[in-house]
Amino acid sequence: MLQKVWVSSPGSWALQESNSHHQGKKRCWKCRFVRTIIQHPCRRNAPRRSRKERMLRKIQICLCFCFVSGILYEISLLSSCVFSYLPMAQQYLTPEQVLNLGKSIIFLETTERLEPPPLVSCSVESAARIYQDRPIILFMRGLTNETALDMNTSYAAFSLLSSMKNVFLFPLQMETVFQETPLLQWYNQVVPEQEKNWVHVSSDASRLALIWKYGGIYMDTDVISIRPIPQRSFLAAQKSRFSSNGIFGFPARHKFIWDCMENFVLKYNGNIWGNQGPFLMTRMLKTLCNLTDFQGTEDHSCQNISFLNPQRFYPIPYPAWSRYYQVWDKSPNFNHSYALHLWNFMNRNRKVVVAGSNTLAENLYKTYCPSTYEDLIQNAKHR
């Protein structure tokens, strides 16, 4: 028996059987489902709205929906869980928008190269995995606004890093970075072509300005993260009574970073390597407190700044840097470390991670930056 179904009134279904059986007989059922869908049934005697009124009503609903969606999106950006639940359109966000979210992990590439080598990729990837609720930003001197908007897929590291939901690649525009800091006057007067250590000096300056403006953690691009850093205001001891500037963290507008920028300009000497880097951090820390030797794995505290034990980031000191590229009988567990600095500046012979070599560095890649390691294997196969 064929049946035809239609809505006879806003509040009920009507079913009519075919003419061969019970012709003309109708049965009606109340249907809550229809009443649920049709929220505002039109009464028979109610005047119908004009086409113009209906169109205006639809426009109002659309605008209201867009407004509410925008508010919810902005709220989600400010939440601490944003990167766990919200896939962000990275290419449409500016550095200021991301940095203003707070708690950024900042990396700098002050050379002109556009293809980050595996160690840089591993450093960024490991941070992105350890700090999944924080923005990970790699500022690159070689990028322009055009290349930033069109991440060329021929650069493998671009594809790898930009696929991670909390990683952002931005151009490093120093004049913009140094605005409203003591470093702007220095930058306008210095001649980069005449500077012996410009790549390092410009990096030293940029990291100070970015952390002072926005807060967060700065890391060198040869630092592999292995667990979160609990402190908010900290310097990393490279050895007793000597501070590194390869990794440090402060809230925005911290006085110590402002004082460092002023001293950077006052005591500037670009011919001395590290004068604006670790030597700057050390001499400024010494103005606040009397530094003493570390005993065991304890950290020191200087006013409101934590001075973290060398074991936190430098369990292998720089004279022994090549041990990262050696095979160990038993790999260390680094239980007292938050991250590992691989001393790339000391790596003049350009030792690299080789798949299957079973070196300490290879094992670190496998554990903390598996995507970079997989890419390393694929490139080796192609070669």
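**Cores, confidence and a helix pair**

Visitor: Leaving aside neighbours within four places in sequence, which residues is Ile247 in contact with?
Guide: In this predicted model, Ile247 touches Ile217, Tyr218, Met219, Val223, Ile229, Phe234, Ala236, Phe313 and Tyr314, with neighbours within four places in sequence left out.

Visitor: And which residues have the most contacts inside the largest nonpolar core?
Guide: Ile247 belongs to that group, together with Ile136, Met219, Ile229, Phe313, Tyr324 and Tyr365. The core itself comprises 51 residues. Its leading contributor is helix α5 (residues 118-130), which supplies 6 residues.

Visitor: Met281 and Met284 are in α12, then; which residues of α11 and α12 meet?
Guide: From α11, Phe256, Asp259, Cys260, Asn263 and Phe264 meet Leu280, Met281, Arg283, Met284 and Leu285 of α12.

Visitor: At what angle do they pack?
Guide: The angle between helix α11 (residues 255-266) and helix α12 (residues 278-286) is about 120°, and their axes are 10 Å apart. The pair is therefore oblique. The crossing of α11 past α12 is right-handed.

Visitor: Changing topic: what pLDDT does the protein average?
Guide: The average pLDDT is 83, and 77% of the residues score at least 70.

Visitor: Where does it stay under 50?
Guide: Residues 1-46 remain under 50, and the model gives this stretch 41 contacts beyond four places in sequence. Residues 77-88 also have a pLDDT below 50, with 22 contacts in the model beyond near neighbours in sequence.

Technical notes
Residues numbered from 1 in each chain as written. Predicted model: local features only at pLDDT ≥ 70, side-chain atom pairs only at ≥ 80, totals over all residues. Heavy atoms only, no water. Core = buried A, V, L, I, M, F, W, Y, C linked by side-chain atoms within 4.5 Å. Buried < 20%, exposed > 50% of the residue type's maximum accessible area, 1.4 Å probe, protein only. Helix = DSSP H or I, 4+ residues; strand = E, 2+ residues; numbered from the N terminus. Contact = heavy atoms within 4.5 Å. pLDDT = per-residue confidence, 0-100. Axes fitted to C-alpha atoms, helices over the stretch in contact; angles between N-to-C directions. Parallel < 35°, antiparallel > 145°, perpendicular 65-115°, else oblique. Left-handed = near helix turned anticlockwise from the far one by under 90°.
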